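Subject: Structure handover

Hello,

Here is the structure I promised to pass on. Please open it first, then read my notes below.

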Amino acid sequence: DFRQVQDTTGEGLRLFDAGFVNTAVARSRITEIDGAKGILRYRGYPIEQLSEKSTFLEVAYLLIYGELPSKNQFDDFEYEVMHHTYVHVKLAELEQSFQYDAHPMGMFIATMAAASTFDPSGNPALAGSDIYTKDKKLRNKQIFRILGKVTTIAAMAYRHRIGRPANPPQQGLSYTENFLYMMDHLSEPGFRPHPVLARALDVLFILHADHELNCSTAAMRHIGSSLVDPYSAVAGAAAALYGPLHGGANEAVVRMLESIGTVDKIPAFIESVKRREKKLMGFGHRIYTSYDPRATIIRKLAYDVFEVVGTEPLIEVAQALEQVALTDEYFTSRKLYPNVDFYSGLIYKAMGFPLDYFPVLFAIPRVAGWLAHWSEAMDEPNAKIWRPRQIYCGEARRDYVPIEHRD
Ligand code: ACO
């Protein structure tokens, strides 16, 4: 649906591009994707190298500031982020006020939005509309605060869910280890998560950290273009991520695999997809017309995790489903390949995270990408508020009819 439409308002031609299939709305130096070749690079570095050699926090620095940090730069960054992991006690109380079995993404979004009310100095409505475009120090402070608090807010949602008190953040652990510490049922001083599991989650965080203008990052830039504070913009971006066509897909994949159950049920499931009664969740991507490079890395990673925690039986169904889809004309002709979500949910499940927590595990690292895009947008000299146009297809002018005269 990409075509030019004659504008009737006299303002000239207007492009109709439903779903922004072909419209570029920002210039960015952060992430490069070649969807046909299955290439993904952050700031020029191939995702394969970063996922093998780097850490999530280093990748967050790279995304936000554009270069890999020196040792001193990394130490300072880590210190700032880790010392901003603490949250106001009232924010913790707010999160505990939700229904215990509410979806954790709902708790996460609402608590992140509420975090703006605990930081009035960062409110552009009070401090001036240009504070974030002008004051890089304040911008950085918000980056440290949000990157730090996101894991605490996420872990608190889980602890509330299982009826246990929150574990306070621990210094001296890596970003991902501290998150696992706060999540763990029995966390106590000296506890360290299993190194293979901590590394696997760190790699998953690297792979999910950014993906240029996906739905949630576009939402972050869109909301940020109003110059609102970044907590509110992150909450809005997280809401976009919550949807099953985006970050909610990892949860939906496992629910789908559970509903299929066994390999012998796959043909019937595939037929129902072809009849358009169902979608093959974790397949397809707006940009990738070949294998999503993140899916290749995650599939391998799954086996590292299974060696520690035992094999997740649904992996058999997933692999058989993938084999069928990769050879079936319905999927090959539409260039539908596994995306990042197809195998990630199985790792999360094997590690013991509850199903509805999976989108939160996507949101935590994507915050780094959102903040990188937000900061880049704040530096754009001729930035404008985002305001797409529509093609009005409704009624022409008509006069109000009092209710007693309506048919
Ligand atoms: N299962 C079955 N058919 C599919 C799927 C799927 N997962 N995805 C696309 N198709 C089909 C469509 O029905 C359409 O067929 P048609 O041309 O005969 O009508 C064709 O492939 C093109 O699909 P679109 O919906 O136009 O592709 P779009 O780019 O708009 O959507 C999306 C991309 C949302 C990712 C889609 O592939 C989808 O819904 N996938 C399942 C959900 C999912 O895994 N989301 C995670 C995406 S990655 C991420 O957010 C991290």
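Two residues are in contact if their C-beta atoms, placed from the backbone, lie within 7 Å. In the protein chain, take the contacts with a separation of 6 or more: residues 24 or more positions apart account for 76% of them.

Two notes on the source. This is a predicted model: local features need pLDDT of at least 70, side-chain atom pairs count only at pLDDT 80 or more, and totals for chains, interfaces and linings use all residues. Residues are numbered from 1 along each chain as its sequence is written.

**Overall build**

The protein chain has 19 helices and five strands. Helices (H or I, at least four residues) and strands (E, at least two) are DSSP runs, numbered from the N terminus. The radius of gyration of the protein chain is 23 Å, close to the 22 Å that the globule rule gives for 407 residues, so the chain is as compact as a globular protein of that length. That radius is taken over C-alpha atoms, and the rule is 2.2 Å times the number of residues to the power 0.38. The C-alpha atoms fill a box of roughly 70 × 60 × 50 Å along the principal axes.

Of the 407 residues, 44% count as buried. Buried means that 20 or more other C-beta atoms lie within 10 Å of a residue's own; exposed means 12 or fewer, and partly exposed is in between, with C-beta atoms placed from the backbone.

**The sheet**

Strands of a sheet pair through backbone hydrogen bonds, either parallel or antiparallel. Here, three strands form an open sheet in the order E3-E4-E5, with antiparallel pairing. Its edge strands are E3 (31-34) and E5 (45-46), and each pairs on one side only. Two strands pair if DSSP finds at least two bridges between them. Four bridges join E3 to E4 (residues 39-42). Asp34 stands opposite Ile39 in E4.

**Two loop residues**

Arg43 sits in the loop between E4 and E5. Its phi is positive, about 50 degrees, although Arg43 is not a glycine. Leu227 lies in the loop between helix H11 (215-224) and helix H12 (230-242). Leu227 is not a glycine either, yet has a positive phi of about 70 degrees. Arg43 is partly exposed, with 19 other C-beta atoms within 10 Å. Leu227 is also partly exposed, with 19.

Best wishes
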